[in-house]
Amino acid sequence: MMAAMAGSDVLEALRSIPLFAAMPDKQLERLAEAMRERTIAAGEEVVVEGSGGVGFFVILDGEASVSRGGEEIRKLGPGDSFGEMALIDKGPRSATVSAVSELSCRGMTAWEFRPLVAENPEIAWSLLENLVMRLREAESRSSA
């Protein structure tokens with residue numbers, strides 16, 4: 001029962017992420033199944049600003065702090081996620097995420113994500129739509 005609960009929590013969290021929001025349930029389920037469980041100790045840095053990124057995480061339980069330039073910019077909790085851009089470009093992390101309490105997460109690496117996208121073109125299309133939306137938002141903020 002616990003595994004089913006965690007699975008439904010992961011699905012709900014994935015549905016709330018703009019990158020995956022338009023994805024059909026079948027593909028979301030495949031994505032959730034491909035994610036691995038991970039426990040992160042309180043105080044541990046999960047990702048570090050400026051370092052290379054290859055992983056994406058969904059928090060199932062616990063609290064994390066997001067900081068940029070040493071300043072906390074927000075807290076994350078169950079259902080929140082981070083690192084989705086790293087699934088695509090493996091570029092440097094835009095912020096540091098640290099575990100405030102023990103974190104129970106599900107995660108996936110870029111090399112696990114790429115074959116899933118290659119086998120499911122609708123996932124690729126959803127990613128493209130989301131990236132265009134983010135680009136338009138960034139352009140409208142910079143021209144304002």
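Guide: This is a predicted model. Two strands count as paired if DSSP finds at least two bridges between them.

Visitor: What is the bridge partner of Glu-37 in E8?

Guide: Arg-106 is the bridge partner of Glu-37. E1 and strand E8, residues 103-109, pair in the antiparallel sense over five bridges.

Visitor: Which sheet do they sit in, and in what order do the strands run?

Guide: The order is E1-E8-E3-E6, an open sheet of four strands with antiparallel pairing. Strand E1 (36-40) and strand E6 (81-82) each have a single partner strand, so they stand at the edges and one side of each is left without a neighbour in the sheet.

Visitor: Which helices lie across E1 and E8?

Guide: Helix H2, residues 25-34, lies across them at about 110° to E8. Helix H4, residues 110-119, also lies across E1 and E8, running at about 60° to E8.

Visitor: Which residues of H2 are buried?

Guide: Gln-27, Leu-28, Leu-31 and Ala-32. They are on the same side of H2, because they cover an arc of only 140° around the axis. The face turned away from that buried side carries the exposed residues Lys-26 and Glu-33.

Visitor: New topic. What is the strand order in the E2 sheet?

Guide: E2-E7-E4-E5, an open sheet of four strands, paired antiparallel. The twist averages 30° from one strand to the next.

Visitor: How many bridges join E2 to E7?

Guide: Two, and the strands run antiparallel. In E7, Ser-98 is the bridge partner of Glu-45.

Technical notes. Residues numbered from 1 in each chain as written. Predicted model: local features only at pLDDT ≥ 70, side-chain atom pairs only at ≥ 80, totals over all residues. Heavy atoms only, no water. Contact = heavy atoms within 4.5 Å. Axes fitted to C-alpha atoms, helices over the stretch in contact; angles between N-to-C directions. Buried < 20%, exposed > 50% of the residue type's maximum accessible area, 1.4 Å probe, protein only. Arc of directions from axis to C-beta.
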